Amino acid sequence: MTADLAWINGTLRPASEATVSIFDHGLTVGDGVFETLKAVQGVPFAARRHLARLHTSADALSLDIGATDDELRGAMAAVLGDDPPPLARVRITVTGGPAPLGSDRGDGPATVIVATGPLAPAAATTSACTVPWPRNERSAVAGIKSTSYAENVRALALAKAGGCTEALFPNTVGMLCEGTGSNVFVVLGGRLLTPPLSAGCLAGVTRDLVLEVTDALEEDVPIEALSEAEEVFLASTGRDVQPVHCVDGRTITAPGPRTAMAARAFAELAASTSDP
């Protein structure tokens, strides 16, 4: 297998030698955006959609990426190498670059990093729990895949302490929003639903694909509805469509029929193309 490599601002180097400034705005204040892609046999899945969302997030934070999509695709291929593992995680990170200590940005270009790491296949089913801290659907970074992830870190730690692999957030008006790294789908009264983007959730790539290949609807879902949902599943790059067998200690059939249909439809799409 090719030695671990990282690409930083156009330069490819061993990951062990890759560095950024201690004054990088991504490090000091979390000023940055990122995308995580799944690479199957060395081919990043849905790269077009991920790159489009990277630009959307960067534009929202007024970050100039300074690299073309072709350059980023080349960087992903370079860090995956000539002998990639069957399944890998590829991450593109763009930060505000070196800056004075504080919230103001510096005058220099952004820092752009492409790196890769292991990605284990998702478990057949999983458990999740709600957390008491709401997502602010009116936040300046709502819907942006920002590197300011401390909120997610704390929520996920709480979930894992309770034996779960994902934490589910309400928003400020008590509607289901999203997980720390996933979108949420529920079946209520036989209808497959997922929160709309107005609820404050990220426009997940897997979420969008599930919406395209199923009859799922975007609709506000009260967080309390999780206690009566017939089925629940998570959708994300690392999980694909993952059935949830337990929410807040309540056992749920997993996979239920609607979840199984969604998982099958997504798998068929993924098998037919690497860049839907």
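Predicted model: local features only at pLDDT ≥ 70, side-chain atom pairs only at ≥ 80, totals over all residues.
Colleague: What makes strand S8 largely enclosed by the rest of the structure?

Modeller: Five of the five residues of S8, residues 166-170, are buried, so the strand is largely enclosed. Glu-166, Leu-168 and Pro-170 point one way, Ala-167 and Phe-169 point the other way, and all are buried.

Colleague: Why are S7 and S8 called paired?

Modeller: Pairing requires at least two bridges. Three bridges join S7 (residues 126-130) to S8, so the two strands pair, and they run parallel. Cys-129 stands opposite Ala-167 in S8. With helix H4 (residues 150-161), S7 and S8 make a right-handed β-α-β unit.

Colleague: In which sense do S8 and S9 pair, and over how many bridges?

Modeller: S8 and S9 (residues 176-179) pair in the antiparallel sense over three bridges. The bridge partner of Phe-169 is Glu-178 in S9. The two strands form a hairpin with five residues between them, and Gly-174 in the turn has a positive phi of about 80°.

Colleague: How do you know that Cys-164 is in no disulfide?

Modeller: A search of the whole structure finds zero disulfides. For Cys-164, the nearest cysteine sulfur, that of Cys-129, is 4.2 Å away. A disulfide requires the sulfur atoms to be within 2.5 Å, so Cys-164 is in none. For Cys-246, the nearest cysteine sulfur is that of Cys-164, 6.1 Å away, and Cys-246 is likewise in no disulfide.

Colleague: Why is Cys-164 called buried?

Modeller: Its relative accessible area is 10%. Buried means under 20%, so Cys-164 is buried. Cys-246, with a relative accessible area of 17%, is therefore buried by that cut-off.

How values were computed
Residues numbered from 1 in each chain as written. Heavy atoms only, no water. Buried < 20%, exposed > 50% of the residue type's maximum accessible area, 1.4 Å probe, protein only. Helix = DSSP H or I, 4+ residues; strand = E, 2+ residues; numbered from the N terminus. Right-handed = clockwise from strand over helix to strand, strands pointing away.
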